Protein chains: 2
Amino acid sequence: MAPNQSIRSLAELPADQGSDAGCLLDGYTVESQIGFLLRRAYQRQTAIWQGCMAEGIGEKELTPRQFSALVKVVQFGRVTQNQLGRTVAMDPATIQGVVRRLVARGLLARALDPMDRRTAVLSPTEAGIALARRGVAHARRATRQTLAPLSADDRRMLLALLARIS
Amino acid sequence: MAPNQSIRSLAELPADQGSDAGCLLDGYTVESQIGFLLRRAYQRQTAIWQGCMAEGIGEKELTPRQFSALVKVVQFGRVTQNQLGRTVAMDPATIQGVVRRLVARGLLARALDPMDRRTAVLSPTEAGIALARRGVAHARRATRQTLAPLSADDRRMLLALLARIS
DNA sequence: GCCCGATCATTTGCGCACGAATGATCGCGC
DNA sequence: GCGCGATCATTCGTGCGCAAATGATCGGGC
């Protein structure tokens, strides 16, 4: 049920036991690299997110990225696709797919801008607004659950540090 | 040249300017969520990594995941594919693709285990060991560059916090 | 000896992520 | 008015990431 269980539950293994293990490669250890830790933390966050959303909203298939995009469009009211992509940190190719799926599900609407015929102007539908509203509570729950192992001070610290290396 | 430039250089935009902006959705702001920050930090790390590797090693196409897997195989000496996947936090479907690409490039070798005919035993080739050895220095450089905005204390703190939510 | 649940690896299907290339459009400068 | 560089969106190719289903094999219990 919990996504990704198979990985995390088995991930605590005996450390390297190869003949010379960590000594090789100048003691470089994958597990203590910032990239590895970021990937792991991101994986766990995504798994928790999916769990909270699936359980909270009927929409089991609303991914974190789709939700980010939807929320942004709701808050903007009207945005072009690339603008939206920049605010949620997705390149044009990526945001295109996310928007396409949201439009297909009737959560976003696309319109043509007579002033600039290159752009596609996005706006939320009623269903999109409603879903975003319902989703926020569950999103907050996912955040709480992700940060549960940390004290309030540690949470603030972590967010601040992440913001500085973003 | 720097990967991902288009996103990051444009990402600092005026905040929400929709009619009621942040007030909508109970003041939920995508940018301050842990998931968003993790994704951003991970993006930046990956971009830096690619830059360092491309410049350091001829192998421009050696991704962070491929490198993690390669290093682990070198350190283990011999591992089965799923074992490897668990230590680098990739599920069987994912590690399969990573290994396939590493084998195709002659960095890993696969052997059949006569004791357990289900498994594929992986071991590094000479080229794989050499590449891992050369790569470590550049990987360290990528780590330094990623953490450059932080003091030594902050770096330790960040790594510790990430480890606790992984 | 045989069965049954566990493990190994693969495949399929979907969703990001991004570089690179394309074609339409915009707007500035002349 | 025209031209040319910038911007908008799309497409293609490749590489993760994971759920789910599949088929081979293993091992313990009987």
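How many helices and strands does chain A have? In this predicted model, chain A has seven helices and three strands. Read from the N terminus, the order of these elements is α-α-α-β-α-α-β-β-α-α. Chain A comprises 166 residues, of which buried residues make up 40%. Among contacts in chain A between residues at least 6 apart in sequence, 56% link residues at least 24 apart.

The contact between the two chains draws on 62 residues from chain A and 62 residues from chain B. On the side of chain A that touches chain B, at least two residues each come from α1 (5-10), α2, α3 (64-76), α4 (81-87), α6 (126-146) and α7. The most is given by α2(A), with 13 residues. Sorted by class, this side of chain A consists of 35 nonpolar, 16 polar and 11 charged residues.

Helix α7 of chain A covers residues 152-164. Its 13 residues reach 19 Å from the first C-alpha to the last, close to the 18 Å expected at 1.5 Å a residue. The buried residues of α7(A) are L158(A), L161(A) and L162(A). These residues lie on the same side of α7(A) because they cover an arc of only 100° around the axis. An α-helix has 3.6 residues a turn, so residues three or four places apart point the same way. The face of α7(A) turned away from the buried side carries the exposed residues A152(A), D153(A), R156(A) and A160(A).

In chain B, helix α6 (residues 126-146) has 21 residues, which should span 30 Å at 1.5 Å a residue. The end C-alpha atoms of this helix are 30 Å apart, in agreement with that expectation. A bend of about 35° occurs in α6(B) at V136(B). The buried residues of α6(B) are G128(B), L131(B), A132(B), G135(B), A139(B), A142(B), T143(B) and T146(B). Within chain B, they pack against α2, α3 (64-76), β2 (108-112) and β3 (120-124). From chain A, α2 (34-56) also packs against the buried residues of α6(B).

Notes. Residues are numbered from 1 along each chain as its sequence is written. Chains are lettered from A and ligands numbered from 1 in the order in which they are written. This is a predicted model: local features need pLDDT of at least 70, side-chain atom pairs count only at pLDDT 80 or more; totals for chains, interfaces and linings use all residues. Helices (H or I, at least four residues) and strands (E, at least two) are DSSP runs, numbered from the N terminus. The expected span of a helix is 1.5 Å times one less than its number of residues. A residue is buried if 20 or more other C-beta atoms lie within 10 Å of its own, exposed if 12 or fewer, and partly exposed in between; C-beta atoms are placed from the backbone. The arc is that of the directions from the helix axis to the C-beta atoms. The bend at a residue is the angle between axes fitted to the seven residues ending there and the seven starting there. Two residues are in contact if their C-beta atoms, placed from the backbone, lie within 7 Å. Ala, Val, Leu, Ile, Met, Phe, Trp, Tyr, Cys and Pro count as nonpolar, Asp, Glu, Lys and Arg as charged, and the others, Gly among them, as polar.
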